[in-house]
Structure formats: structure tokens, C-alpha cells
Amino acid sequence: MPAIEFHRVGKTYRGARGTLRALDGVSFDIEAGEFFGLLGPNGAGKTTLISILAGLARATEGTVRVMGHDVVTDFAAARKALGIVPQELVFDPFFNVRETLRIQSGYFGVRGNDAWIDELLGELGLADKAGANMRQLSGGMKRRVLVAQALVHKPPVIVLDEPTAGVDVELRQTLWGFIARLNREGHTVLLTTHYLEEAEALCGRIAMLKQGRVVALDRTSALLAGTASTMLRFKTDDPLPPALAAQARVTGRIVQLKAQDAAQVEARLAALRGAGVRVEDLEIGRADLEDVFVEIMRGAEAPA
Amino acid sequence: MSLQGTGTLFRKEVLRFWKVSFQTVAAPVLTAVLYLLIFGHVLEDHVEVFPGVGYTSFLIPGLVMMSVLQNAFANSSSSLIQSKITGNLVFLLVTPLDHRAWYLAYVGASMVRGLAVGLGVFLVTVWFAPLHLREPWWIFVFAALGAGLLGSLGLIAGLWAEKFDQMAAFQNFVVMPMTFLSGVFYSVQSLPPVWQAVSHLNPFFYMIDGFRRGFFGASDTSPWLSLAIVGASFAVVAAFTLRLLKSGYKLRQ
């Protein structure tokens with residue numbers, strides 16, 4: 001049985017300014033124990049899909065199941081199986097960290113949960129903040145509490161909606177170390193992120209969404225292998241010749257160019273030299289997930 | 001429905017107002033005392049509402065009930081809209097708690113706050129004029145029903161309102177007029193016939209009249225009629241609130 005099943009999920013928002021088709025026939029399964037990445041540009045429908053999964057929004061059509069439980073008709077069992085770390089940094093200003101976690105635990109019917117709460121506080125570096133009011137915590141600390149809240153009822157499925165947006169390096173390390181451990185212990189993890197290197201490092205399988213549709217769904221290694229395997233990276237201040245400019249990805253002074261094989265690397269360099277482009281810090285490397293992402297998003301301009 | 005989960009939400013809602021009890025309990029008690037001092041002082045010598053009952057004695061139960069009603073409303077409505085606006089309602093939305101659990105917890109906590117403030121007002125004002133407890137069961141019945149009804153209305157307002165000014169409008173244009181025009185400060189029998197008839201259409205009138213009956217053994221209308229009307233109003237409002245909660249109205253897109 002898959003941990004999460006999305007079956008032909010569609011969502012249409014109807015408002016005063018017209019209708020918006022946020023999701024359009026999204027179908028895929030996430031197997032138990034997977035570390036799964038959900039990627040896509042802003043507005044692709046990632047958060048809508050997660051909101052439907054969590055019961056925060058309702059699908060216009062289609063069905064979603066968590067550990068076999070339908071999120072609408074059997075919502076209590078579905079939500080017990082889910083731990084959601086929301087994207088927004090929200091908190092209840094009336095309570096301190098321990099109270100917050102005890103309350104969240106109680107909502108799920110878990111009694112006498114202090115041993116696990118203490119373990120969570122320790123793992124997330126919050127042990128000395130247990131008595132601190134939520135208002136007094138820094139943004140990074142509040143994010144840790146959100147993670148602890150999501151895990152307080154020991155859900156088998158953990159959903160993290162851009163958990164590292166605006167988070168410092170230390171917390172990222174702590175967080176990923178902890179989540180990776182939970183994954184090794186059998187928890188299923190669904191992650192949405194803007195940091196593609198995170199997805200590449202952590203996720204065994206990835207779905208990419210664009211304009212509410214799945215445009216890629218495969219093992220991370222297969223996605224990486226399926227694209228041009230070589231990337232030319234260099235810095236320059238000169239304009240590129242038009243033929244290359246059309247294929248290049250330019251970030252400030254940094255230019256990245258795809259190459260299929262050694263002959264094409266040579267041809268590219270010859271074209272640059274011929275155009276009088278001064279190349280600095282040249283590297284030839286493997287394509288990473290970001291390259292795959294850009295390529296797929298370009299290829300999916302007109303979804304089939 | 002999980003009893004443990006419902007109990008947690010109820011305790012959280014009680015704790016929420018109790019942590020700021022200076023504002024949520026002490027302040028409304030002071031307001032009621034100010035009403036009593038001003039109206040009682042001005043009107044004491046001019047009005048005798050029921051035979052042998054002075055104006056201040058008449059006013060005290062009205063103020064107690066008004067405090068119960070307003071604070072029961074304030075509790076559920078302000079808790080819900082604050083959670084909606086700050087976004088922390090998400091912690092509740094992702095739980096297995098169903099609409100009945102939400103209703104019981106929010107309305108239960110509203111009743112606790114309303115009754116706590118009412119008791120506070122009673123304990124502070126009871127020294128100002130002679131009061132009896134002639135039919136005390138009516139006091140408990142109407143205080144509890146009134147608090148529950150207003151706690152439910154607060155939930156409806158909290159669900160409906162998207163901004164604090166909408167909430168203020170609900171409070172100022174619906175709850176305040178209905179409480180003030182219900183006979184808190186006067187007996188409706190002192191009104192011209194037209195306004196008497198209008199007052200009898202206001203369910204708040206029956207709550208306050210029935211509540212007062214418990215103190216004086218006298219009322220503008222039969223306590224049984226009041227009980228029937230207040231009970232029926234409660235049932236209708238509760239059913240409507242439960243329906244809104246079940247449908248996810250303005251909670252789940």
C-alpha cells in the first residue's frame with residue numbers, strides 16, 4: 001500500500017476575478033519509506049496539493065489517500081498518519097514551547113507524551129527553550145517548533161512544505177540530519193523545496209509540477225541521467241554569440257552551457273574563441289538537478 | 001469524536017483567556033460596576049420596577065447577565081478570528097478533531113468565560129443593594145443557556161469575519177443592540193406598547209427576563225415561555241453553527 005496516493009486530483013479556484021485551475025489531473029503515488037521531492041516554480045500548485053493532502057483545502061475532483069485513508073471520507077485516520085510542517089512561520093502567542101507541543105499532542109489524543117516531546121526538543125536544539133514563550137523565539141527557532149509540532153504524534157508520513165526557506169545553515173543541517181534519521185527509521189517524507197541541491201541530496205524520487213500538472217516523475221538518479229550529462233560553466237563579461245546565447249543559462253557573469261559529449265565541448269569552446277569571448281574559471285562538470293529542472297520547465301512550456 | 005482531543009482544545013481555549021484574565025475577566029467586571037454606579041445612582045430614587053424592588057437591585061441581575069452574554073460571545077469570536085488572522089488555526093485544521101469537537105470545545109470555553117465574568121460581576125455588585133435568590137434554578141439555567149447561545153453566535157461571527165473590523169461590526173451592530181434593548185436597564189413593561197412588542201421578538205429579552213426571575217420570583221413574562229424560546233433559539237443556532245463547521249465554511253478552501 002502506498003503511503004500517499006494522488007488520483008486525478010484537480011482544483012479550481014473560483015473568485016471574483018475569474019477562475020484559476022491550480023491543479024489539473026495530478027496522479028502519482030509515494031511508497032512507504034520513500035523520501036520524495038515535489039518541485040516546481042512558484043504557482044505550480046505544490047502548496048495547493050499539500051493543502052488538499054492535509055485537509056486545509058478540498059479537491060474539486062479526484063481522491064487523495066494517506067496510508068490508505070481517504071482525506072475526506074476518513075479524514076481523522078488520514079490526519080493522524082500525517083505530520084505537516086507548514087510553509088508560513090505561524091505560532092500561538094499565548095503559549096510557551098512545551099505548552100504548544102503538549103496541546104498539539106492532545107489534539108491527536110496522545111496522552112503523557114513528555115518523553116517524546118523532550119526527545120524532539122533535544123533533537124531540534126530546543127531543550128533550553130522549552131519554557132520560552134513563542135513570541136520570544138527567533139524565526140529559526142519558531143521553524144524548529146513547527147517541525148516538532150508536526151512530529152509530536154509520531155506520524156508515519158511527514159510533509160515539509162519549503163521548510164528551509166529563509167533558514168540559516170545550522171538549522172538546515174540539524175533539520176536534515178533529523179529528518180534523514182526519521183526516514184531511515186521508516187517514515188515516509190514528502191518535501192517541497194526551492195533548494196534543488198537539497199532535493200538532489202535527499203530525495204530518492206522526484207515529481208515536478210508546472211501549471212498544475214506533473215511534468216516529470218522519476219527517480220532522482222534517472223532524472224539526472226536522462227538529461228545532457230555534461231555542463232560547461234564559466235564566467236565572462238563579454239556578450240555571447242547569438243547561437244550560443246539562445247542555449248545558455250546566464251546568472252550574472254556565470255554562463256552554463258549544455259554539451260552532449262566531448263566533441264560538443266570542443267565545438268562550444270571553439271565558437272566562444274571565434275567570437276572573441278574571454279572565458280574565466282572554466283569548469284566542465286556533470287549536470288545537476290537544477291539543470292534538469294530548467295530543461296524540463298522549458299520543455300513543458302506547452303503542457304501536453 | 002475523540003474525548004481527549006476535545007478536552008485538550010477546551011482546556012487550551014480556557015487557558016487562552018485565563019492567561020490574560022486581567023483583560024478578559026477583570027476589565028468586564030469593572031465595566032459592569034461602572035454601569036451600576038452611574039445608572040444606579042441616577043435612577044435609584046426614581047424607579048421601582050417590581051413592587052418592593054429598587055432600581056439598583058433590579059439592575060444587578062441585568063448587568064450580570066449582560067456580562068455573561070457579551071463575554072461568552074467575545075471568547076469564541078476573538079479566539080477564532082485571531083487564530084485565522086495570525087494563521088495558527090492551521091495547527092487545529094490538520095488534527096483529526098471533527099466539527100462536534102470544535103463546537104463543544106469553543107462553546108464550552110465561552111461558557112466558562114461568560115459564567116466566570118458573570119460570577120465576578122455578581123460578587124462585586126451584590127453589596128450595593130439587597131438581593132434575594134428566590135428561584136435560583138432559573139439563574140443557572142438561563143446563565144448557562146445564554147452563555148452557550150452567545151458562545152455559538154461568537155463561533156458563527158468568528159467563522160464569517162475575515163477582518164477585525166467585520167468582527168467589530170458584528171459585535172456593535174448585532175450583539176450590543178440586542179443586549180441593550182433586551183431589558184438589562186429597564187423593565188420592558190415601562191415601554192410604550194410598540195416597543196414592548198418589538199422587545200418580545202428579541203430572544204435576548206427572554207434570557208434576561210428568565211435570569212432575573214431567579215432573583216425576584218417575578219418577571220415580565222413566564223419563565224417557562226422564556227425557557228422554551230431560549231432553548232429553541234439555542235437549538236437553531238447550535239445546529240446552524242455545527243453545519244457551518246462541518247462544511248468547512250471559510251476554514252477549508
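1. Chain B, from its N terminus on, runs α-α-α-α-α-α-α-α-α-α. That is ten helices and zero strands; here helices are DSSP runs of H or I with at least four residues, strands are runs of E with at least two, and both are numbered from the N terminus.

2. A word on what you're looking at: this is a predicted model, where local features need pLDDT of at least 70, side-chain atom pairs count only at pLDDT 80 or more, and totals for chains, interfaces and linings use all residues. Residues are numbered from 1 along each chain as its sequence is written, while chains are lettered from A and ligands numbered from 1 in the order in which they are written.

3. Back to chain B and its overall shape. Its radius of gyration is 18 Å, which agrees with the value near 18 Å for a compact globule of 253 residues (taken over C-alpha atoms; the globule rule is 2.2 Å times the number of residues to the power 0.38). Along the principal axes, the C-alpha atoms of chain B fill a box of roughly 60 × 35 × 35 Å.

4. How much of chain B is buried? Buried residues come to 49% of the 253, with "buried" meaning that 20 or more other C-beta atoms, placed from the backbone, lie within 10 Å of the residue's own. Of the contacts in chain B with a separation of 6 or more, 83% join residues 24 or more positions apart (a contact needs C-beta atoms, placed from the backbone, within 7 Å).

5. Now chain A. An automatic or database assignment divides it into domain 1 (4-224) and domain 2 (228-286). Their C-alpha centres lie 39 Å apart.

6. Have a look at the open sheet in chain A: four strands in the order 2-1-4-5, with antiparallel pairing (to pair, two strands need at least two DSSP bridges). Strand 2 (18-30) and strand 5 (69-70) of chain A each have a single partner strand, so one side of each is left without a neighbour in the sheet. Strand 1 (residues 4-15) and strand 4 (residues 61-66) of chain A pair over five bridges, and His7(A) has Thr63(A) as its bridge partner in strand 4.

7. Where do the two chains meet? In chain A, 24 residues are in contact with 23 residues of chain B. Helix 2 (75-80) and helix 3 (97-107) of chain A are the elements giving two or more residues to this side. By class, the chain A side has 13 nonpolar, five polar and six charged residues (Ala, Val, Leu, Ile, Met, Phe, Trp, Tyr, Cys and Pro count as nonpolar, Asp, Glu, Lys and Arg as charged, the others as polar).

Notes: Two residues are in contact if their C-beta atoms, placed from the backbone, lie within 7 Å. A residue is buried if 20 or more other C-beta atoms lie within 10 Å of its own, exposed if 12 or fewer, and partly exposed in between; C-beta atoms are placed from the backbone.
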